[in-house]
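Here are my notes on the model, point by point. Please read them with the structure open.

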Amino acid sequence: GQWARGAAWRVRVCDCEKKVVSVFPMSSHVLNRSHLLLSRSRSTVAAAAATASRHSAWQGTQAVPADPILGLVAAFKADAAPRKVNLAQGAFRTDEGLPLVLPSVVEAERRVSSALASGAIDKEYLPIEGDATFRTLSAKLIFGDESAALAEGRCATLQTLSGTGAVSVAAAALCRMAGARTIHVPDPSWGNHGHIFRSAGLEVQNYAYLDHRTGTTLDFDGMRAALSGLPRGSVVLLHACAHNPTGIDPSGEQWQELAELFAGRGLVALFDSAYQGYASGDLDADAASVRAFEAAGVLPVACQSYAKSLGLYGERIGAVNFVCASREEAEAVLSTVKQTIVRPAYSSPPLHGARLAAEVLGDAALFAQWRGELRGMANRVHRMRVLLADALRAEGAPSPDGGDWGHVVDQIGMFAYTGLSASHVDSLRERHHVYLTRDGRMSMAAMKPADIEYVARAVRSVLAE
């Protein structure tokens, strides 16, 4: 029960029945305190009654685990250790560990801001399909000047919410419009791919990609055999370059063989191109896989992101390109995707980032500057690979694949697929405060020269356990 008051008497009340169970005199000091307690008691009872009678549509909802990557980022920020290293998230950092805004983007910002201040442009909505200039330039960037699909008007391009949005729109279109029920995804693949495809209504099946005997190389024979056995019309996800999480890509000859296989068997190629220009430092080399497929007569769907290559992480700028059999088909696809998929989901894409991207892609001087910046970023990542491999050898750390850590250098893109096990990764985080994803993926784009020796010693230590 709780204590309540009445005149100069202390009254003990039973909450459940609201009956007086005892009465006796009390002082004015106790009287004042009892007034407060009674008020609190009434509030508590009222709140409990309101909660009991209030219906919530979410009462059966259970919390889900944090995203495996973003959860690690949050854990890193909360880690109070004086020495810690975050190699979990895919974001470029300078040698000093700082985020980089590309100078070409800074100049594009200046130009866009100037045009806005002068009244030359405004902040009105973009069309559902996005900024027309950006869409044209983006399609040209991935398919190239020799693209028959672009020359013949057979490509339907929509601006999207970065690469995730591009893959989401593509998945929805494949399911609702093309009648796809299953998508075949490399084993392994980016962790969010499965979530996106299942949310769109697609069943996800894996095909061989990583050679599990080494854990650090491509199983091309297994990949080719798996794809050769798929039914005609099957949808297959391919990473255009810098496969995430492994950093292991087919060679140029292997891509050509795959293009011919897809053309011969009538497979549908869905490309995720998140790192064009950022992987090798060469925009054309990083788009060679997509262009080989189009040249072979395949009608690919190509998803693009400008988060990494232009550093527009928070602007959410991307594109999805549907290569079709005719101009009429492309027009029908564009109208259907924008009216039945994009319009109900988010109406229209972001304006500002599209203007920045279009300014860089469409201005000859800025485009040339950007190409140089891409080479600089790719070179820094490669330098971190070489330094880490050298440091691991100097520490005498045994490579998980039985080699000499050469795979760290040979892989491409922002990640190194180290071959470390989940228990190794857990030990790195718990004992040394070095953060990787549990599949052993290490962000070389986030590595600092000052952390190389510390990370190498930590890796040697966990491998010796």
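1. Helix α4 covers residues 132-143. Its 12 residues reach 17 Å from first C-alpha to last, close to the 16 Å expected at 1.5 Å a residue. The expected span is 1.5 Å times one less than the number of residues. Helices (H or I, at least four residues) and strands (E, at least two) are DSSP runs, numbered from the N terminus. Aspartate 131 caps the N-terminal end of α4, with a side-chain oxygen 3.1 Å from the backbone nitrogen of threonine 133. Just after α4, glycine 144 has a positive phi of about 85 degrees. The buried residues of α4 are Phe134, Arg135, Leu137, Ser138, Ala139, Leu141, Ile142 and Phe143. Buried means under 20% relative accessible area, exposed over 50%, partly exposed in between (1.4 Å probe, protein chains only).

2. A word on the basis. This is a predicted model, in which local features need pLDDT of at least 70 and side-chain atom pairs count only at pLDDT 80 or more, while totals for chains, interfaces and linings use all residues. Residues are numbered from 1 along each chain as its sequence is written, and side-chain values use heavy atoms, with hydrogens and water left out.

3. The chain has 16 helices and 16 strands. Of its 465 residues, 49% are buried. Among contacts between residues at least 6 apart in sequence, 72% join residues at least 24 apart. Contact means heavy atoms within 4.5 Å.

4. Helix α6 has 15 residues and reaches 21 Å from first C-alpha to last, close to the 21 Å expected at 1.5 Å a residue. Because 12 of those 15 residues are buried, α6 is largely enclosed by the rest of the structure. Among the buried ones are Gly163, Gly165, Ala170 and Leu174. Serine 162 also belongs to α6. Its phi is positive, about 60 degrees, although serine 162 is not a glycine. At 2% relative accessibility, serine 162 counts as buried.

5. Histidine 433 is another non-glycine residue with a positive phi, about 60 degrees. Histidine 433 sits in the loop between α15 (422-432) and β15 (434-435). Its relative accessible area is 23%, so histidine 433 is partly exposed.

6. Check two cis peptide bonds. One runs from aspartate 187 to proline 188, with omega near 5 degrees. Proline 188 is in the loop between β6 (182-187) and α7. The other runs from asparagine 244 to proline 245, with omega near 25 degrees. Proline 245 is in the loop between β10 and α9.

7. Threonine 246 lies in the loop between β10 (235-239) and α9 (252-265). Is threonine 246 buried or exposed? Threonine 246 is buried, with a relative accessible area of 0%. Its side chain makes a polar contact with the side chain of histidine 243 at 2.8 Å. A polar atom of the threonine 246 side chain also lies 3.1 Å from the backbone nitrogen of isoleucine 248. A polar contact is a pair of N or O atoms within 3.5 Å; within protein, one must be able to donate a hydrogen and the other to accept it, and residues adjacent in sequence count only if both atoms are side-chain atoms. Not counting residues up to four places away in sequence, threonine 246 touches Pro188, Tyr209, Leu210, Gln411 and Tyr417.

8. The largest pocket holds about 1,100 Å³ of space. Of its 49 lining residues, the closest to the centre are Ile69, Gly90, Trp190, Asn244 and Lys308. A pocket is an open set of points on a 1 Å grid over the protein atoms alone, where a 1.4 Å probe fits, with protein on both sides within 12 Å along at least five of seven lines; lining residues have an atom within 4 Å of a point. Grid points are joined across faces, edges and corners, and a volume is the space filled by probe spheres set on the points. The largest share of the lining, 4 residues, comes from α7.

9. The second largest pocket has a volume of about 420 Å³. Its lining has 21 residues, with Leu174, Ala178, Val268, Leu299 and Val301 nearest the centre. Elements giving two or more residues to this lining are α6, β11 (268-273), β13 (317-323) and α11 (327-346).
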